[in-house]
Amino acid sequence: KTLHEQHTIHTTNTSLSSSSSSPPKTCLFLANLQLTPSDIPITDILSLSSTLQNLSLASNRLPILPPRLTRGHHLTLLEKLDLQQCDLRVLPPSWHLPRLRELDVSHNLLRDFPSESFFEGVPVLRTLNLYGNKLAELVLPSSSSRLSSIVYLNLGYNDISVSP
């Protein structure tokens, strides 16, 4: 399927590519489309990298994320990423989203707290929502400065038995 064959796509305009007469796309909502990792229109998303600030892939079937979404120097302006209710089982270990401020991975199947390399790749992350996953323990980064920008961390409804 191409992006234009999907039945619910919310962008500023009907076309994903910006023209000189249309405003740049800053938000892209590809939620509730039953997308799998191979269905995600990576090329279309990356074509918006010079303006994209908010991306929602919520409520799709994504046990894993395509690495090109979180690594490399592609989505460096992205500030908000919504991955709630995607059946995610694992987060990519390495991220490069230097402006990401909000990450919602609530209501997934995550068992492991994000790694230290994850926090290195999201240096200004302020909100991390891990509510309703399968986390059993917290393994915090060795350097507390990795968590210094976080002001909201939601760990509710997980399987954590002892706090650090």
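Before anything else I wrote down the burial rule: buried means under 20% relative accessible area, exposed means over 50%, and partly exposed is in between (1.4 Å probe, protein chains only). This is a predicted model, where local features need pLDDT of at least 70, side-chain atom pairs count only at pLDDT 80 or more, and totals for chains, interfaces and linings use all residues. Residues are numbered from 1 along each chain as its sequence is written, and side-chain values use heavy atoms, with hydrogens and water left out.

**Entry: Ser 59**

Is Ser 59 buried or exposed? I found 16% relative accessibility, so Ser 59 counts as buried. I located Ser 59 in the loop between strand 2 (54–56) and strand 3 (80–82); strands are DSSP runs of E, at least two residues, and helices are runs of H or I, at least four, numbered from the N terminus. Its side chain makes a polar contact with the side chain of Gln 85 at 3.0 Å. (A polar contact is a pair of N or O atoms within 3.5 Å; within protein, one must be able to donate a hydrogen and the other to accept it, and residues adjacent in sequence count only if both atoms are side-chain atoms.)

I traced an open sheet of six strands in the order 1-2-3-4-5-6, with parallel pairing. Two strands pair if DSSP finds at least two bridges between them. Strand 1 (27–29) and strand 6 (152–154) are at the edges with a single partner strand each, so one side of each has no neighbour in the sheet. Strands 1 and 2 pair in the parallel sense over three bridges, and I noted that Phe 29 has Ser 56 in strand 2 as its bridge partner.

**Entry: the core**

A nonpolar core is a set of buried Ala, Val, Leu, Ile, Met, Phe, Trp, Tyr and Cys residues joined through side-chain atoms within 4.5 Å. The largest one has 38 residues, and Ile 45, Leu 55 and Trp 95 are among those touching the most other members. Helix 1 (42–46) and helix 2 (116–121) are the elements that give two or more residues to this core.

**Entry: aromatic rings**

Rings of Phe, Tyr and Trp (its six-membered ring) pair if their centres lie within 6.5 Å; planes under 30 degrees apart are stacked, over 60 edge-to-face, and the rest tilted. I counted four aromatic pairs by this rule. Phe 113 and Phe 119 have ring centres 5.9 Å apart and planes at 35°, so this pair is tilted. Trp 95, Phe 113, Phe 118 and Phe 119 form one aromatic cluster.
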